[in-house]
Amino acid sequence: MSEEKATLPPLAATIKKALPRAAYVPGLTKTDLDLRVAPAELLVLVQGLKDNPALDFDYLRNMTGIDMQENGLELKYHLYSFKHGHTVQITVATPPGESHLPTLTGLYAAANWHEREAAEMFGFVFDGHPDPRNLLLEEDLRIHPLLKAHPLQPIEVVQGIEDGKAGFDF
Amino acid sequence: MSIWPEERLSHADTEGFHTVDMTINVGPQHPATHGVFRMVLTVDGELVTACEPYIGYLHRGLEKLSEINDYRQAMAFWDRTDYLAGLLCEQAYCMAVEKLADIEVPERAEYIRVMLSELSRINSHFMFLGAFGADVGSFGTSFTYAWRERERIYDLLEEVAGDRMFPTYYRPGGVAMDLPENFEKRCREVLGHIFQGIDDLDGLLTGNEIFVERCRALSPLTTERAINLGVTGPVLRSTGLAWDLRKAEPYSIYPQVKFDIPVGLRGDVFDRYMVRLAEMYQSARIVEQCLEQIPGGHFLNPKLPRNLRIDDAEAYVRIEGTKGEYGVHAVAKGGNRPYRMKLRSPSFCNLSALSEMVVGHYVADAIIILGSLDIVLGEVDK
């Protein structure tokens with residue numbers, strides 16, 4: 001653990017100094033600093049990252065849902081600060097069957113469509129989202145295609161080489 | 001009674017005269033929406049009071065397809081995202097895979113990539129100039145001028161990569177084949193035409209008073225609001241913030257070439273147009289420098305594994321796409337397929353700001369504002 005800490009970028013120390021009370025576990029990806037946080041702590045942490053003048057994360061770059069199968073779902077946020085030019089990734093893991101997360105639309109207007117996409121593709125529920133409708137999929141479709149368990153049609157069936165009914169029943 | 005409509009109106013009895021808001025459907029099959037994009041406008045007379053965008057008509061499940069194909073196969077889907085500059089998307093994808101697997105790219109390959117990607121950027125911006133001119137009302141004229149130059153760039157790409165729009169030319173670790181022998185001569189030829197073409201369009205559009213009057217001071221965006229909305233690329237730069245990922249978070253060989261970041265003053269539609277116009281000169285400048293600096297050597301890393309397997313790794317790679325920050329969030333968990341590939345699409349994020357930007361403007365201006373965002377639906381819908 002001590003070895004890992006030594007390799008963390010200076011931003012990790014800045015965040016620790018600016019937000020001493022925040023509960024998160026720092027880590028590293030190939031590109032960015034990663035903060036792992038519980039769903040209940042997410043809003044407080046992001047609010048702190050955004051409002052603290054030493055951090056000033058004013059731009060929500062990206063939001064990525066990942067299906068961790070038996071470990072539930074994970075949502076990754078990427079924040080960027082135009083003033084300081086640094087990036088941080090926040091990882092929130094939700095247990096299986098309980099994919100509720102607070103919405104970030106109150107902090108970042110950009111979160112609106114990102115959250116709608118993550119909700120339809122993975123089945124996240126964003127509490128307090130102003131417009132929780134499907135975005136890319138049909139409006140009445142209640143499937144979550146990016147879950148690993150979502151079936152894929154074998155191409156042989158679609159082309160009629162193998163027997164089977166083409167298409168899905170939803 | 002006066003013949004002037006204003007005076008007639010002032011005399012008219014407006015007591016008990018009610019108007020009802022009307023709903024207008026625009027798209028998805030409509031040339032002004034630049035693809036299969038649909039928006040429902042609520043209008044009060046000529047003024048837009050609400051705008052509801054609908055997307056997803058071109059959703060092909062890019063991210064799911066990337067998960068079920070191996071690293072090299074999946075790349076072919078990615079230049080179908082921003083299909084006006086497919087090579088830029090390939091570059092982002094390849095950079096993500098290289099980051100995950102710690103693959104080194106030979107310098108010659110980096111130069112080839114930057115040159116062709118910048119040519120693609122010029123190509124995409126030509127498309128913008130042509131289509132935007134048509135949006136504002138130049139009908140086919142700007143289109144024809146823009147197409148002439150795009151055709152030349154496509155010809156050059158075909159000579160290099162074998163295909164015009166979807167070359168699938170880059171590989172994780174380099175590019176598929178070396179440049180043809182006469183590339184430098186041909187490229188300089190095309191560049192000369194490009195400079196002439198930009199000047200032509202500049203004269204045609206910027207020199208047209210009707211064009212300028214329609215675009216100036218239309219739908220200005222402040223820097224703070226643009227950042228909060230997640231807007232990037234030329235639209236963000238038009239608000240006066242010189243933020244370009246090629247300089248803010250340099251990648252590839254961009255630190256070794258000289259170029260400037262054009263910025264706007266007011267963030268209105270005219271500034272967005274001008275920023276793109278100025279960017280094309282800068283891109284052409286980068287290509288010229290690359291032609292002079294390009295070193296010899298390998299075009300593809302010779303030590304690549306035959307079957308690319310990547311253990312647990314995660315990376316968020318971002319490049320300056322033609323429309324803004326083009327990001328690829330890649331997660332690997334062993335095996336020869338990505339566990340998750342997420343596209344952070346600049347058009348998608350810019351488009352999410354649309355409904356806020358068109359409210360309070362005329363219907364005809366709503367089309368111009370949409371055009372000024374320069375969306376590509378392949379990228380919006382994934």
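The secondary structure of chain B comprises 16 helices and 8 strands, where helices (H or I, at least four residues) and strands (E, at least two) are DSSP runs numbered from the N terminus. The structure is a predicted model, in which local features need pLDDT of at least 70 and side-chain atom pairs count only at pLDDT 80 or more, whereas totals for chains, interfaces and linings use all residues. Residues are numbered from 1 along each chain as its sequence is written, and chains are lettered from A and ligands numbered from 1 in the order in which they are written.

Along the principal axes, the C-alpha atoms of chain B fill a box of roughly 85 × 45 × 35 Å. Of the 382 residues in chain B, 52% are buried, a residue being buried if 20 or more other C-beta atoms, placed from the backbone, lie within 10 Å of its own.

The domain assignment divides chain B into domain 1 (5-52) and domain 2 (59-381), with bounds that come from an automatic or database domain assignment. The contact between them takes 16 residues from domain 1 of chain B and 17 residues from domain 2 of chain B, two residues being in contact if their C-beta atoms, placed from the backbone, lie within 7 Å. On the side of domain 1 of chain B that touches domain 2 of chain B, the largest share, 6 residues, comes from strand 3 of chain B.

Between the chains, the contact takes 27 residues from chain A and 33 residues from chain B. Strand 3 (59-67), strand 4 (73-80) and helix 4 (111-122) of chain A each supply at least two residues of the side of chain A that touches chain B, and the largest share of that side, 6 residues, comes from strand 3 of chain A.

The largest nonpolar core has 151 residues, and those with the most contacts inside it are A:L79, A:I90, B:A92, B:Y93, B:A96 and B:A330; such a core is a set of buried Ala, Val, Leu, Ile, Met, Phe, Trp, Tyr and Cys residues joined through C-beta atoms within 7 Å. Helix 5 (residues 107-136) of chain B gives the most to this core, with 14 residues. When residues up to four places away in sequence are not counted, B:A96 touches B:A315, B:V317, B:V328 and B:A330. In chain A, A:V46 is found in helix 3 (residues 42-51) and is buried, with 24 other C-beta atoms within 10 Å. Apart from neighbours within four places in sequence, A:V46 is in contact with A:I90, A:L104 and A:L107.

In strand 7 (residues 325-332) of chain B, 8 of the 8 residues are buried. From this strand, B:E325, B:G327, B:H329 and B:V331 point one way and B:Y326, B:V328, B:A330 and B:A332 the other way. Strand 7 of chain B runs antiparallel to strand 6 (residues 313-320) of chain B, to which 8 bridges join it, pairing being assigned if DSSP finds at least two bridges between two strands. Within this pair, B:I319 stands opposite B:Y326, and in the hairpin, which has 4 residues between the strands, B:G324 takes a positive phi near 150 degrees. Strand 7 of chain B also pairs in the antiparallel sense with strand 8 (residues 340-344) of chain B, over 5 bridges, and there the bridge partner of B:V331 is B:R340.

Technical notes. Buried ≥ 20, exposed ≤ 12 C-beta atoms within 10 Å, placed from the backbone.
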